[in-house]
Amino acid sequence: MGFLENGFGYDSLKKLDQDKLSELALEVRKLIIDVSLQNGGHMASSLGCVELSMAILRQFDLREDKVVYDVGHQAYAHKILTDRLSMFHTLRTEGGISGFPKRSESEFDHFNVGHSSTSISAALGYAKARDLLNKNHHVVAVIGDASLINGLAFEALNHVRELNTRVILILNDNTHSINRRVGGISHSIARLSSNPAYNKLKKSIKKICATIPGGNSVEKRLERFRDHIKHIMKPDNIFDDLGINYWGPFDGHDIQTIEGVLQLAKRYDRPSLLHFITTKGKGYTEAENNPVYYHGVPSQSGSEKTKSWSLAASERIEAIAAKDSRIVCLTAAMTSGTKLDDFAKNNPNRFFDVGIAESHMMTMAAGLAAGGLKPWVFIYSTFLQRAVDQLTHDIALQNLPVVIMVDRAGLIGDDGETHQGLLDVSWCRAIPNIKIFAPRDETDLDRMMNYASVNKKEGPIIIRYPRGNVLNAVARVHGELGSKEEKPEDKSIDVTKSEIIHNGTEWAVMGYGATVNTAIEAMEMAAKKDIAIPTVIDLRILKPLDCVTIDKILMSNSMAVVAEDNYTAAGIGEAIAARAIEIAAPCRVKIIGVPSVFVAHATVKRQREICGITAQNIVSSFLNNN
């Protein structure tokens with residue numbers, strides 16, 4: 001039987017002989033691969049961090065010491081080897097463990113993560129809290145090379161010298177984020193990675209580690225060794241200039257070397273950065289050869305068999321850009337996620353992957369627009385949160401014609417709380433000058449993107465669309481109940497107006513984007529239950545609202561249900577309810593959407609059921625109102 005079959009745990013790892021660690025690493029990798037391929041997850045990053053996680057767990061006491069993993073993509077081995085081995089098969093499933101470190105899940109997870117570049121700031125906070133409370137434990141941040149280029153990480157690095165506190169920063173360098181890392185800092189890191197003194201440094205480390213334990217003499221050796229690196233072997237680097245002692249690079253898959261370096265770092269009384277070279281996807285040939293594809297693998301039940309919204313949007317922008325040379329596209333380390341690979345390949349001078357730097361991307365887009373180009377920004381809803389200031393002050397305030405394609409809007413599924421796209425409508429509705437569209441299918445997406453492509457003076461436009469497979473057409477014919485026929489050649493449809501899909505009586509159901517189908521399902525359910533069949537409206541444009549159409553609905557019905565895949569607070573339902581009061585409409589407005597909670601990981605279908613965004617709940621709302 002293998003180690004993991006015997007209920008291997010955190011305390012067992014600390015006692016394991018060095019010559020058994022490579023065998024354990026193989027078992028951990030196999031478990032990560034098996035569960036990730038079944039449940040979906042961030043497999044390649046975690047495969048590259050197995051030995052590093054094992055060494056950290058062996059050299060630090062995580063019941064006292066604080067270790068913060070950046071993003072958390074690489075933390076699966078950490079989860080397996082702490083207290084979650086028996087639950088690892090539940091990864092990213094409803095009621096199971098999260099795909100990211102989570103404080104409420106385990107005493108060994110010291111900070112909730114999911115977005116990049118927070119680890120150094122959090123670690124500095126932990127370190128100063130330790131100092132002020134007169135404690136003496138270690139504080140460690142584990143950050144990837146791509147996360148390190150984000151502005152937040154640099155703000156933290158810039159503050160290290162000022163804080164003058166003992167902290168250990170571990171740079172896990174696998175040359176990738178989701179795509180290959182970009183930017184000048186990445187070249188600086190690559191230069192350090194290829195330092196010709198590496199082999200000599202490795203031998204020196206092993207020689208010194210062989211003398212441990214050595215009492216006070218170890219500290220003297222360490223100081224001499226540090227100076228030796230700095231003045232003879234180590235190239236100039238930004239970390240030393242910032243007051244952070246740089247050590248490395250080291251082999252991030254050699255556990256003995258890693259443990260030796262960590263032992264030395266624990267005895268050092270100043271901030272240090274330990275640079276480890278790892279292989280993304282290590283141990284799984286397919287992932288090593290294609291780390292971008294295997295960064296995040298879908299679950300077996302969630303594999304896309306038809307065109308995704310992301311692909312539909314990327315195909316459309318390619319067609320539009322072919323006719324307008326002023327169109328450029330930007331994304332923040334999400335070239336593959338937003339399906340812009342072909343655009344980047346075919347239009348290399350008109351494509352900008354800025355790395356994990358959303359704020360910079362938005363202001364750069366503003367500059368491109370002010371300079372006479374037509375920038376299109378492709379960004380996940382959850383990451384748009386990181387750049388709302390730039391959207392507000394740099395784009396909207398100047399009323400610049402930037403198109404923002406908000407991918408993964410609404411409920412996101414198994415990535416859980418940190419990745420839900422539930423704030424873009426509420427936040428962006430409050431920003432002047434912005435128009436917000438929500439297509440219900442690919443036909444509407446094409447129409448809205450075509451509309452945005454000729455935008456000259458109207459300022460910024462947002463088009464939000466969900467994760468998953470795009471529908472070609474949803475209920476275009478206004479006649480027969482539930483008809484799904486399509487007339488794509490119908491150019492009379494105005495995307496700046498709401499659309500009445502079906503004229504009913506007594507009550508109405510309003511939806512937008514992903515909830516339009518739910519509204520249609522409620523209409524069909526009402527017909528089967530032999531109750532009043534509602535009028536169904538696709539709101540389509542969320543800012544400004546089409547009050548002409550909405551007012552007619554509010555004045556001619558006793559009840560209107562607004563279904564949205566956004567937080568109900570400051571959402572479209574609240575705006576329509578306020579409108580009903582403003583015009584003294586007889587209509588009672590019922591809002592169905594996401595309550596004020598962080599929605600845990602589950603399938604999107606289950607998340608909708610938990611939040612009550614279902615046809616049954618819409619129909620029940622009408623029945624309970626009578």
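In the predicted model described here, Ala141 stands opposite Leu169 of strand S3. The strands concerned are S2, which spans residues 139-144, and S3, which spans residues 168-173; the two run parallel and are joined by five bridges.

This pair belongs to an open sheet of five strands, arranged in the order S1-S2-S3-S5-S4, in which the pairing is parallel. The edges of the sheet are formed by strand S1 (66-69) and strand S4 (245-251), each of which pairs on one side only. On average, and with direction ignored, neighbouring strands of the sheet are turned by 20° against each other. Helix H6, comprising residues 119-132, lies across S1, S2 and S3, and its course makes an angle of about 175° with S2.

Within strand S3, whose residues are 168-173, Ile170 touches a series of residues beyond those up to four places away in sequence, namely Leu52, Ile56, Val140, Ala141, Val142, Ile143, Leu262, Leu274 and Phe276.

Ile170 is, together with Leu24 and Ile32, one of the residues with the most contacts inside the largest nonpolar core of the model, a core that has 56 residues. The element that gives the most to this core is helix H2 (residues 21-39), which provides seven residues. Apart from this core lies another one, made up of 52 residues, including Val328, Ala409, Ile462 and Val562.

Key
Residues numbered from 1 in each chain as written. Predicted model: local features only at pLDDT ≥ 70, side-chain atom pairs only at ≥ 80, totals over all residues. Heavy atoms only, no water. Core = buried A, V, L, I, M, F, W, Y, C linked by side-chain atoms within 4.5 Å. Buried < 20%, exposed > 50% of the residue type's maximum accessible area, 1.4 Å probe, protein only. Helix = DSSP H or I, 4+ residues; strand = E, 2+ residues; numbered from the N terminus. Contact = heavy atoms within 4.5 Å. Pairing = 2+ DSSP bridges. Axes fitted to C-alpha atoms, helices over the stretch in contact; angles between N-to-C directions.
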